[in-house]
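Hello,

Here is the structure for you to look over. My notes on it follow below.

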Amino acid sequence: MSCLFCKIVEGSIPSTAVYQDEHCYAFADIHPQAPVHVLVVPREHISSLAEIGREHPVLLGHLLWVAAEIARSKDLVKGYRAVINTGEDGGQTVDHIHVHLLGGRHLTWPPG
Ligand code: 5GP
Ligand code: ZN
């Protein structure tokens, strides 16, 4: 198993847990781009949004619900951003699908 986020999910690479359940694991990003920067990943290895199958939408919805729950727990009442970078042009650097939860500062648009 060579996937970085699979190793983080199984615990062989340490991380700072934020939330976990039977479907997903959420942890602090190692290079935070905002005061709150959490990655929500499914326990199942899915390489990217471009690879999801017909069986995955419920799981993806769960990841977004978890991101919203974490945002509520961290009092991000002024808003936040949930992002799924996809593929080379999308800026994806780890090939295990993940939702970035970014908040705690004003985020500009469009992104770079
Ligand atoms: P992507 O660029 O694929 O959308 O996001 C990958 C994210 O994973 C980046 O924000 C990066 O900082 C984070 N990351 C990469 N390696 C590690 C690691 O070993 N531990 C943690 N906690 N985050 C990581
Ligand atoms: Zn993986």
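**Notes on the model**

A search of the whole structure finds one salt bridge, the term meaning a side-chain nitrogen of Lys or Arg within 4 Å of a carboxyl oxygen of Asp or Glu. The model is predicted, so local features need pLDDT of at least 70 and side-chain atom pairs count only at pLDDT 80 or more, while totals for chains, interfaces and linings use all residues. Residues are numbered from 1 along each chain as its sequence is written, chains are lettered from A and ligands numbered from 1 in the order in which they are written, and side-chain values use heavy atoms, with hydrogens and water left out.

The salt bridge joins Arg72 to Glu69, with 2.7 Å between the closest N and O atoms. Both residues belong to helix H2 (residues 57-73) and are three residues apart, about one turn of the helix. Helices (H or I, at least four residues) and strands (E, at least two) are DSSP runs, numbered from the N terminus.

Ligand 1 has 16 residues around it, of which Ala28, Asp29, Asn85, Thr93 and His100 come nearest; a residue counts as near if one of its heavy atoms lies within 4 Å. By class, this shell has eight nonpolar, seven polar and one charged residues, where Ala, Val, Leu, Ile, Met, Phe, Trp, Tyr, Cys and Pro are nonpolar, Asp, Glu, Lys and Arg charged, and the others, Gly among them, polar. Helix H1 (4-10) and strand E2 (24-28) each supply at least two residues of the shell, and H1 gives the most, with three.

Oxygen atoms of ligand 1 lie 2.5 Å from a side-chain N or O atom of Asp29, 2.9 Å from a polar side-chain atom of Asn85 and 2.7 Å from a backbone N or O atom of Thr93. These are polar contacts (N or O pairs within 3.5 Å). The protein buries 83% of the 520 Å² that ligand 1 exposes when taken alone (Shrake-Rupley method, 1.4 Å probe).

Two backbone features remain. The peptide bond from Trp109 to Pro110 is cis, with omega near 0°, and Pro110 is in the segment after strand E5 (99-103). Asp75, in the loop between H2 and strand E4 (80-83), has a positive phi, near 60°. Most residues other than glycine have a negative phi, and most peptide bonds are trans.

Regards

Technical notes. A polar contact is a pair of N or O atoms within 3.5 Å; within protein, one must be able to donate a hydrogen and the other to accept it, and residues adjacent in sequence count only if both atoms are side-chain atoms.
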